[in-house]
Amino acid sequence: MQQLAKDTNAWACYDCGKCTATCPIARAGSDYSPRRHVLATNLGQEEIAREPSLFACLTCGLCDVRCPAEVAYTPLVQKLREKAFDASIQPECPHGGALQSVMRMMASGGAQQDRLGWLDDDLKTEPKEGAVFLWTGCTMYYDAFFPEFGLATVAGTRAAVKVLNSLGVTPVVSAEERCCGHDLLWNGDRASFEALAKHNVELVKNSGAEVVVTPCAECARTWRMDYEPYLDGAKIRVQHLTEYLVERSADLRLKNGSTAKVTFQDPCRLSRHLGVVDAPREVLDQVPGVELNEMSRSGTRGACCAGGTWSNCDRFAKQIQVGRLREAKATGADVLVTACPKCQVHLACAMKDSKIGNEISIEMRDVAEVVASALE
Amino acid sequence: MTQQATSTNKNPGAATGFDPRIVVFACNWCSYAGADTAGVSRIQHQPHFRMIRVMCSGRIQPAFVLRAFEKGADGVLVSGCHFGDCHYIFGNERAVEQFEKTRNVVKILGIEEERIRLEWISAAEGTRFAEVINEFTDQVRALGPSPFAREDAIEEIEAPEGGPCLTGEHGPSDADADAGGN
């Protein structure tokens, strides 16, 4: 516990309570208190890791950004959850834990997945080796799980391939790809995460790729921040698709796209965890005819979709989502652009509300789709 | 393999050395009672399944089926009332929706589609229950162990020794007690 307090800088906490004051779920009315968890860690109270309430944290990192003492609360909660998991305390998984089951099955190895059904003939990809590895993420699973939302998150993945093709890149898209382990890691299941991380790093190493590009904010975070120990010195650069596009912006040939007024939902993994705020905006700025109207809270201050790790979903989460969608509508934008498929899933769920659904409904697209629709 | 294991074969597992572990979800009002009918009518069928009773087939969301596979099941059968017979009017329609989702996810995961099945069995259809169980068991046996089969899963849901038994001998007896109260 002492080591944990040191590693996460919890010692530096001076009990100001800013974290609890900024915490989106506390603001929505929950009695969740990050400050209390930090205090308990400092006091060495092991029983804090037995509290199921740990899984209420959205891990959105808003408190990390606001903390004047630079306490890393989100990493702290991750470690506490690992302790909780070891003590057989698990989140009450939404969707009955179906997604966790899928992730654990992937971690155990098992079958050859049939995950590339979305690949069209006009998309050029390499099955095994190449310089750029496109980490697709699990959009095909989300679409299979949530047909009632009428979403096609896989369209973002398809668009990513299309955009890379237009840059003359034939990315590696592998059927051997497995879940990056992001959600299991944040659920406290480190053993399964390790199994996935080792498999995935091996897969990319064998492909000879120098750079992993992903349209998913969570995969980007996990690859860049959590895979470090498994890379074994291998030089693999990890970039979110928007970062890659900024780097290659000179080669991007775009004409007037179909979308006009848009607003941007910063995925918490991208803006706060990785500090990538400008890249998606620069990309949108490059698309002719796209006018970006910022929401009242944007960048590192933006509200998250409130469902990051499939470990929590309650009335507070719904309230956060509704609030966020109201903000998006208030900008006058026609399209809400995101850079993470999970934002789409969770905000689409909020739009299903039978009473205020119409009021807060807005078309959503991945940033890759916006770029792809404007390709020459 | 499949041909050997007909409903008349007393112990088909012995021939192939592989007895699948099958999880059967059955609704309280029709399918579970159907199994009961099979039992009291002494209809012989293969015993390699474990039954989980739920109030309505509409309750069986993808998580249940996926969890069964995660825990090492070789096949999962979901059963409920015939359309129009649902005790909750439209629960089985929900079951179809949920099963479609499950089917899509299972397919992406690389589990053979033949390992899952949705069947409507009424309380009177004891014969039908036995047929479905035999057919499905043979089908899964032909596929071999699930790619996610685990050694320790055998212990969790171990088939009773002594070859095929009558369903009426266990499980459904509590159904009698429960049904009496309704």
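**Exercise 1. Work out how many helices and strands chain B has, and in which order they run.**

Start with the assignment: helices (H or I, at least four residues) and strands (E, at least two) are DSSP runs, numbered from the N terminus. On that basis, chain B has 7 helices and 4 strands.

A word on the model before going on: it is predicted, local features need pLDDT of at least 70, side-chain atom pairs count only at pLDDT 80 or more, and totals for chains, interfaces and linings use all residues. Residues are numbered from 1 along each chain as its sequence is written, while chains are lettered from A and ligands numbered from 1 in the order in which they are written.

**Exercise 2. Find out whether the residues of strand 4 of chain B are buried or exposed, and which strand pairs with strand 4.**

First, set the cut-offs: a residue is buried if 20 or more other C-beta atoms lie within 10 Å of its own, exposed if 12 or fewer, and partly exposed in between, with C-beta atoms placed from the backbone. Of the 182 residues of chain B, 47% are buried.

Second, turn to strand 4 (residues 116–120) of chain B: 5 of its 5 residues are buried, so this strand is largely enclosed by the rest of the structure.

Third, sort the directions. I116(B), L118(B) and W120(B) point one way, R117(B) and E119(B) the other way, and all are buried. In a regular strand, side chains alternate between the two faces of the sheet.

Last, look for the partner, remembering that two strands pair if DSSP finds at least two bridges between them. Strand 3 (residues 75–80) of chain B pairs with strand 4 of chain B in the parallel sense over 5 bridges. In strand 4, L118(B) is the bridge partner of V78(B).

**Exercise 3. Determine how many residues each chain brings to the contact, and which helix of chain A gives the most.**

Begin with the criterion: two residues are in contact if their C-beta atoms, placed from the backbone, lie within 7 Å. The contact takes 20 residues from chain A and 18 residues from chain B. On the side of chain A that touches chain B, the elements giving two or more residues are helix 7 (98–107) and helix 8 (139–145) of chain A. Helix 7 of chain A gives the most, with 5 residues.
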